[in-house]
Amino acid sequence: MVNRHRYSLNGFLLALPTILWLLIFFFAPLWIVLQFSFYSRGPRNTIITDFTDENYVYVTNGLYWDVFERSFEIALYTTLICLFIGYPVAYFISTRRTNAVRQISLFLVVLPFWTNFIVRTYAWRLLLAKEGIINNTLLRLGIIDSPIEMLLTREAVILGLVYGYLPFMILPIYASLARFNFKLVEAGQDLGGNDFTTFRKVVFPLTLPGVLAGCILVFVPSIGSYVTPDMLGGVQGRMIGNLIARNFSGTGHWPRGAATSMILMGIVTALLLIYVIFLERPTAPNRNDTMKKRLGFLQQWLGIPYFNSVIDPIANTFSQVRLWFWLPDHIRLARDRVMRVIGGTILRLTVLSCYLFLWLPIIVLIVFSFNDSRSTSTWHGFSARWYNNIANNVVGGEAKFSTTEMLEAFEMSLRIGAIATIAATIIGTACALSLARGRY
Amino acid sequence: MKKRFIFFVLLAFLVVGVFPLSPLTPAANAQDGIEWQCPEDFSGQTLNIFNWSLYIGEETIPTFEKLCDVTVNYDVYDTADVMLTRLREGNPGYDVVFMSDYMTQAMIEEGYLEPLDFSLLPNFENISEQFTGLFFDPENEYSVPYLWGTTALTYNINRVDDEVTSWADMFEYDGPVAWLDEPPDIIAIGLLMTGNPPNPENEEQIEEARDYLIEHGDNVRAIESINLIQLMETGEVDMAIMYSGEAYQLIEACECDDFEYVIPVEGANIYIDSVSIPTGARNTRLAHAFIDYLMDPYVAAEISNTVIYASPNKKVEELGLIDPEIRENPAIYLEPEVIERLFFIQNNPDLEIAILDAWDEIILSVGY
């Protein structure tokens, strides 16, 4: 008994820094934003603190709501595209035979991420522009006659978001697949399932937690994104994050910006709650029962049929249809072999294009850093003068800032990075220990 | 930012190791002849500046840092709203701010600017009388004119078949255009088109302008501020409402005859941007020194030649320091018959909210 008391006290003390941190830096600002969302704006950026719900009425109707719907659509497409590219890539990586190849393949996915997000998004501007690299190449090859409008469209935003968040999809699915026992595939095939059935009935359901985690990790930042639509979207691709930023720093309508933020947070929180309550795999021993109970609840209250109850009847119909086309064994085997080659080729092509997609902007940046001109769309010959400027500490003229300034900024970044890492490690470790060892 | 710098610095070291360094050629210094000297010892002090983006000479800040042995923190904004909001939230520590006429007018009325001490600004005599005592600061107590320009139309002559002379040409154009993200400037154009004065007198006029702009905004692909040059350069849009300086920076950088800057027949906005000291500035003496430095003819000329805006500094004129190409351009140093078509935007606190609300609706309704 004494022991238990000590444990819970220690647990509380260990969690204290995190609790304080969240109270001060998360809940307090959130409370302020919530308050502001019920105020209204006076002249000259003043705030009138009388309670009103006009901001919520304004935001949930008309133009703002259209942007909410658009953001939701963009985030949804982003998530689906990430899933369709990310799953094959994760599958490919996890099925490599040697550990070294797996590590290198994974590293190649993560490496572009170590470059700044803004720089990478900017590279897409250079690629997608009307007189940009892609259009120029296609024109020169004679594939198109007039440039395609790609930049400043909704599609450009989706492309930028897929590019930015693809690793968030690949990594959790990879983690699921890495734990997956591939002997189960053999078992499935021994029981008569072909490749597709085995995948549908065995591999996919068992990696579903990774898929769901990936979807959440892609969808949540996508719906609230700001930089990507700002740089690639133009008028068509404007998202809710841009409106929030505009209200706070631009037009100075804090109450409206606050109400918009609260609604966005509400949507994201609701989605996360659905995930945590119904879809996340419970760790309790009577897992299946719990899952069934939760899913039954979900079905009952939200009217959403569970995945399998939709897929199974369709799949069963198909397997019955297949009986009509009875084929002799040797033809069936040959067909399966051909299908497997085709499937394997598609998988490899998907993976290859995914790597190209992830590396293209980085390659563009590196190549154009050697361009003998300020132009970022046409090649004017090789030159190392931009690096020479840095090396020679040139100030003014072509160089916008001196090397000394750059090194100072670099030093500052290192210092801030180090402090942040140390603080996060101390607070985070204490909290993790408390969660794992404390008893509540 | 961290990763970006690691990346660049690593690459830099790599390249330094691989390529022989070219001998350092001294850049032609436009500020040769500068006589300005730091009036007192400011060694080691710091000056915080807030300016429009892309609105200063390339050597201006480094030279000032060298002459006075100080550190300058140089911060920029893209739209007027950002600056107004920032100061109204409480000066976060700026010592010098740059802003346009109606903004200066608003900030003076609302008490966000310090009166200047003209005994610390001996170079003020270089400023032409034409630019002092104007509507936004009638007694000339709070501001010193910096540069002036217009907001008008830039178009790509290779893509637009007919010659563009009016705003109507832009509104009727069947191809991608971009607008400047500046509510009063664009609404003023809507007001002109609906036969109203460019400075609205009531909310009905603003609504008329709003409806006109929404109705004629189908060809808008982007509403931006700093990226307009790039959008025109890469052919993303064929026409853009731009500041004159940006338009000429575009024309100069491209070294081609593709672009033309036009002041439409209906009229356009002229602005005088000036330098002030916000209330709550920590280092007003150094701020005064900096403002005085800006009025040195050689400093002013370098700025004017870099950003391609006209300078209100008469000494610059007398010494003939402006590039002849700029000085003789009738769309930069305007002819009297052009000036007649131009108008200033005036601060109107009663209609500020109506304009911002109309703008919120416009930007969400235009485009295709």
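This is a predicted model: local features need pLDDT of at least 70, side-chain atom pairs count only at pLDDT 80 or more; totals for chains, interfaces and linings use all residues.
Residues are numbered from 1 along each chain as its sequence is written, and chains are lettered from A, with ligands numbered from 1, in the order in which they are written. Local features need pLDDT of at least 70 and side-chain atom pairs pLDDT 80 or more, while totals for chains, interfaces and linings use all residues; side-chain values use heavy atoms, with hydrogens and water left out.

Chain B is assigned a domain 1 (2–7 + 26–147 + 273–333) and a domain 2 (149–270 + 341–366), the bounds coming from an automatic or database domain assignment. The C-alpha centres of these two domains of chain B are separated by 26 Å. Contact (heavy atoms within 4.5 Å) involves 21 residues of domain 1 and 25 residues of domain 2 of chain B. The buried area, which is the accessible area (1.4 Å probe) that two parts lose on being put together, summed over both, is about 2000 Å² for the two domains of chain B, with 54% of it on carbon and sulfur atoms. On the domain 1 side, the most area is lost by Tyr102(B), Ile308(B) and Tyr309(B), which together account for 27% of what that side buries.

A salt bridge requires a side-chain nitrogen of Lys or Arg within 4 Å of a carboxyl oxygen of Asp or Glu. By this rule, 1 salt bridge crosses the interface of domain 1 and domain 2 of chain B. Arg88(B) and Glu352(B) form a salt bridge through their side chains, with an N to O distance of 3.0 Å.

Over all chains, the whole structure contains 21 salt bridges. In chain A, Lys130(A) and Glu149(A) are paired in this way, their closest N and O atoms being 3.6 Å apart.

Aromatic pairs were also identified, taking rings of Phe, Tyr and Trp (its six-membered ring) with centres within 6.5 Å; planes under 30 degrees apart count as stacked, over 60 as edge-to-face and the rest as tilted. The structure holds 46 such pairs over all chains. The pair of Tyr91(A) and Phe182(A) is edge-to-face, because the ring centres are 6.1 Å apart and the planes lie at 70 degrees. Tyr91(A) belongs to helix α3 (residues 62–94) of chain A, and Phe182(A) to the loop between α7 (154–179) and α8 (183–190) of chain A, so this pair links distant parts of the chain, 91 residues apart, where helices (H or I, at least four residues) and strands (E, at least two) are DSSP runs numbered from the N terminus.
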